[in-house]
Amino acid sequence: MFEVTVVEKNVKVPTVVVEDDRTGTSVETLKRAIADNLFYIQGKFPDVATRNDQYMALAYTVRDRLVHRWLTTTKQFIKNDVRAVCYLSAEFLLGPHLVNNLVNMGILENVKKAVEALNIDFEMLVNQEEEPGLGNGGLGRLAACYMDSLATLNIPAIGYGIRYEFGIFEQVIKDGWQIEITDKWLHFGNPWEIPRPEHTMEVQLGGHTEGNYDANGRYRVRWIPARVINGVPYDTPISGYKTTNTNTLRLWKAEAPESFNFKAFNTGDYTGSVQEKMFSENISKVLYPNDEPIQGRQLRLEQQYFFTSCSLQDMIRIHFANGQKLETFHEKFAVQLNDTHPSVGIAELMRLLIDVYAMEWDEAWEITHKTFGYTNHTLMPEALEKWEYDLFATVLPRHLEIILEINQRFLDEVREKFPNDEARLKRMSIIDETGRKFIRMAHLASIGSHAINGVAELHSQLVTVDVLKDFYELWPEKFGNVTNGVTPRRWMVVSNPELSAFISETIGEDWICDLTQLKRLEPFANDPAFRKRWAEIKHQNKVHLATYIKMHSGITVDSNSIFDVQVKRMHEYKRQLLNVLYVITLYLQIKDGHAKDVCPRTFIFGGKAAPGYAMAKLSIKLINGVADVINNDPEIKNKIKVAFLADYCVKLGQQVYPAADLSEQISTAGKEASGTGNMKFAMNGALTIGTLDGANIEIREEVGAENFFLFGLTDPEVKDLKANNYRPLDYYESNEMLRRVIDKIGDGTFSEGSRQVFAPIVDSLLNRDEWMLLADYQAFVDAQGRVSDAYKHKDEWIKMSILNVARMGKFSSDRAIKEYCDNIWNVKPLKVVLEDLDPVAAVCAIY
Ligand code: NBG
C-alpha cells in the first residue's frame, strides 16, 4: 500500500490512498480483483462464466489476501526462531473455506458488496464451494477447530495430514437405504491450496534390512526397501480471526517417483508401465471410513506411515534450513499425535535419528520422547489400533526392529518397578502375544510420548482405569485431561450470523476471541425484549432449515414445533435407535387418542454409516421407514414429523445447529469420549437431553442442572448391570409401551409389511442390547416428557436457551489450545505484524 499526494498549482488536495490490487480490501479493489481473476485465471468473459468460474475468481481474490499474511507469518516465525506445534492427524475435516476466511479476515461485508456490484448472487457462490471432507467425524473436525484456534491465538503451528483424493463418501438415500457415492471435492479444482513439489519427500516401503559395521566399528542397519513413493506437499493457509497470523496445513499426496516404468514401456507393455504409478498413488487415494471391518489394512498402514514419515522428514528439513542441529529438534517442535493413527512416527523419528543421522540410541530416544504427545480419543476396543505382526513386518521391516528394541528396553523398566509380575509384562508389551501376534499402537504411543491425554474429564479418568491402566500405574505424571472445544468463529459467527450480531450488539465483540465473555448475557435472560429477539432469531433459523428440508426431502415441517435433532455418525453406542424408540412411542400415543397431550415435534436425524457397518445402515433404513409412515399418516395430523437429512457434513451442520431446540446426546454412559456436536448445539441455544457421558457432564456442570435434561444410567451403573447379567427381555416384558414399540418394529409396520427387514434390530435389542437401550428407555421417555412440558412455557425455555449460551465459555477450542500450549507443548504465541512484502525480493523459502 502506498500513498500519493497530488500537488497542483500550489493547492494541496487530500491524500489519496491507492491500494495494491492484490492485497487491497476496499469494495472497489475487490471488485476489480474478482473481474481480473475471472478473466486471467478462469479465462472467461463475464457473460459466459459459470457459477464455478465466478466462485473460483472470488476464491483466488481471497487467497491473494491470505497469501500476503501467510508469507509474512512464515517469515517472522523463522526470524524469531520459534518453537512450533506440529499437529499430526490422519483427518482434517475443514468444511468450506470461503466464508470462514472472509470472517477471519474481516472482509465479509466488503466482499459481499463487491460481488453484488458485479451482479453475482453471493449466497450462490457460497453454496458452490465443495467442502474438503477429509475426515469422518469428531476427530477430524476437532483437528480443524484446533487449527483455527492455533492461528487465532498466534501460535506457530503446522497441521500435517493426507491430501485424500476422495474424502468421506457422499451419502444418498434410496428407498430408505444409504448409498455411498465417491466424493468429488477436487473435481473443479481447489483454489485454496498451493502445491510445493520442491519439498517432495521420499518414503520407503517393504523390503528387508541388512546390518553391518561402519568405518568406526559401529553397528549400523541399512533398510533396502522394495518400493519408494514420493510425498508431494500441498499447503493450505489457515487464517486466524482478526490477526495477521496465518498458519500452514500441509497435506501430502502420494506420487510415483517416475511416471513411467520405462522398461515395461519399451517392451510395449503400456498399461504395465503405468501400473506402478497407479499403485503408488493409491496411498493418498481415499479416506478410510471408520468402523469399517478392516480389509485392505495394508493400504491403511501405508497411509499412516506415509504421511508421518513425510511430515517428520519435513520438520527435519525445516530445522536444518533454520541452521539448527538435530540435538535440539525437540526444543523446536512439539509433535502431537491425534489418536494412534500417526503413532508409527515414534519409530520413524528413531529410525531417522539413528539410521539416517547416526545418532546413538539413548540420545535419539530422549529427543523422540520429549517431542511427542499423544491424545487418546476412544475407549472402544475395536477402534484401538492393532496391526498384525506379519503385515507390519512386511510393510515396515526396519520399524518392527526398532519397535522390538523399544519394547525390550521398556519391559526392562517395568520389570524393575514391578518385579515378578509376568502378567503385567504381557499386558503392557507393545506386542500382543495372547493369540495371533499384533502390534498395539496405543502402547507404542504411550511409551514414546511425554504426555498422554483424554478429551473430557470422564474419558481421561476412564483411560487411567481402563485401556491404559498399567501405564498410569507406571507413569501417573504423564497423564492428563484436555476437554475438547470447538471454534466459536465457524460454529457461531459463520453459522449463526444473526445470533452472533445480536450478541455483539448486546455485549460487544470480545466474546468471539474470549468465549467466557458470553457470561455477560446472563442478566439479559430476564429482559423480555431481549428474550423476544432471541426467540425471533431462533425461529428464523428454523424457518431456513425447514426450507432446506422441504427442498431436499420434500417433507413439510412446522417451524413452531420443537426441532429435536440428532446429527452425528451412525453408531450403535450413540443410540440413534433409542431416539427412534421414543419417536414410535409418541406415534403410538397419538394413535391411542392422546394427540392433545403431545407437543408438536420435528425429529431431525443426520449422519453417515460406515459402508460395511450393517447395523448402522439398518438404523438409517428404520429412521426412513418410520418417517414414511408417520409423515403420511393422516391421524397424526402433522403433530410429529420425522426427517432424515442425507449427506450430513460440515456445511449442513452449519445450518442445523442454529435451528435446533433440542440436542440429542444420548450415548451409553462411558462410551462417548467427549462429543463436540453437543458443544455446537448448546452454543447456538439448543437445550441438551443427555446422559452423563463425555463432555455432556461438563456442559451440564457449566450451564446448570436445571437447564439440562438428564436421564439414564451412569457409567458405574452400566458396568454393574453388565456384570450382573443384564437381561433386556426383563424390560421388554415389564414395560407395555416398550413392548408395543419393539413389536411394531418387528411386525412390518415400517417395512411395507416385511418382518425380515428389521429382524436383526429386534433380535439385537431383545437378546443382547449391548448398548442398554432397553435399560434406559423409560428414563428417556420421562425426560422427553419434561422437555415437552418445558417447551410449553416458551418464555422459560428461551431463558434456559440464553443461559446455555451464556455459560458455554469453557467449550471454546481457544481454551483447549491454551491448555495444550501450557501443559503439554510449552509453546508461546508470536504476534505477527503485517508488513509490506516485496514479492520480487527473495525473502525466505523455508516452509
Ligand atoms: C472421537 C470420539 C468423540 C470425540 C472425538 C474428538 C474417534 C476415534 N473419537 O467422542 O468418539 O469428541 O473423537 O475427540 O473418532
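Start with Asp-769. At 2% relative accessibility, Asp-769 counts as buried; buried means under 20% relative accessible area, exposed over 50%, and partly exposed in between, with a 1.4 Å probe and protein chains only. Asp-769 sits in the loop between α30 (759–767) and α31 (773–792). Helices here are DSSP runs of H or I with at least four residues, strands are runs of E with at least two, and both are numbered from the N terminus. The phi of Asp-769 is positive, about 45 degrees, although Asp-769 is not a glycine. Most residues other than glycine have a negative phi. Asn-638 also has a positive phi, near 60 degrees. Find Asn-638 in the loop between α23 (614–631) and β26 (640–645).

A word on provenance. This is a predicted model, so local features need pLDDT of at least 70 and side-chain atom pairs count only at pLDDT 80 or more, while totals for chains, interfaces and linings use all residues. Residues are numbered from 1 along each chain as its sequence is written, and side-chain values use heavy atoms, with hydrogens and water left out.

Now the cavities. A cavity is a set of points, on a 1 Å grid over the protein atoms alone, where a 1.4 Å probe fits but cannot get out. Points are joined across faces, edges and corners, and a volume is the space filled by probe spheres set on the points. The count is 8 cavities of 30 Å³ or more.

What lines the largest cavity? There are 14 lining residues, meaning residues with an atom within 4 Å of a point. Nearest its centre lie Leu-94, Asn-100, Asp-148, Ile-238 and Arg-490. α3 (98–105), α6 (138–152) and β15 (227–239) each supply at least two lining residues. α6 gives the most, with 4.

Stay with α6 for a moment. Thr-152 is in that helix. Thr-152 is buried, at 9% relative accessibility. Its C-alpha atom is separated by 22 Å from that of Arg-807, 655 residues apart along the chain.

Last, the outside. Which residues form a nonpolar patch on the surface? They are Phe-39, Tyr-40, Ile-41, Phe-45 and Val-48. Phe-39 lies in helix α1 (residues 27–40). Phe-39 is partly exposed, with a relative accessible area of 40%. Patch members have over 30% relative accessible area and no salt bridge, and nonpolar side chains (Val, Leu, Ile, Met, Phe, Trp, Tyr) are joined within 5 Å. A salt bridge is a side-chain nitrogen of Lys or Arg within 4 Å of a carboxyl oxygen of Asp or Glu.

Technical notes. 1 Å grid on protein atoms, 1.4 Å probe; cavity = no way out; pocket = protein on both sides within 12 Å on 5 of 7 lines; lining within 4 Å. Patch = residues over 30% accessible without salt bridge, like charges linked within 9 Å, V, L, I, M, F, W, Y side chains within 5 Å. Areas by Shrake-Rupley, 256 points an atom, 1.4 Å probe, with all protein chains shown as cover.
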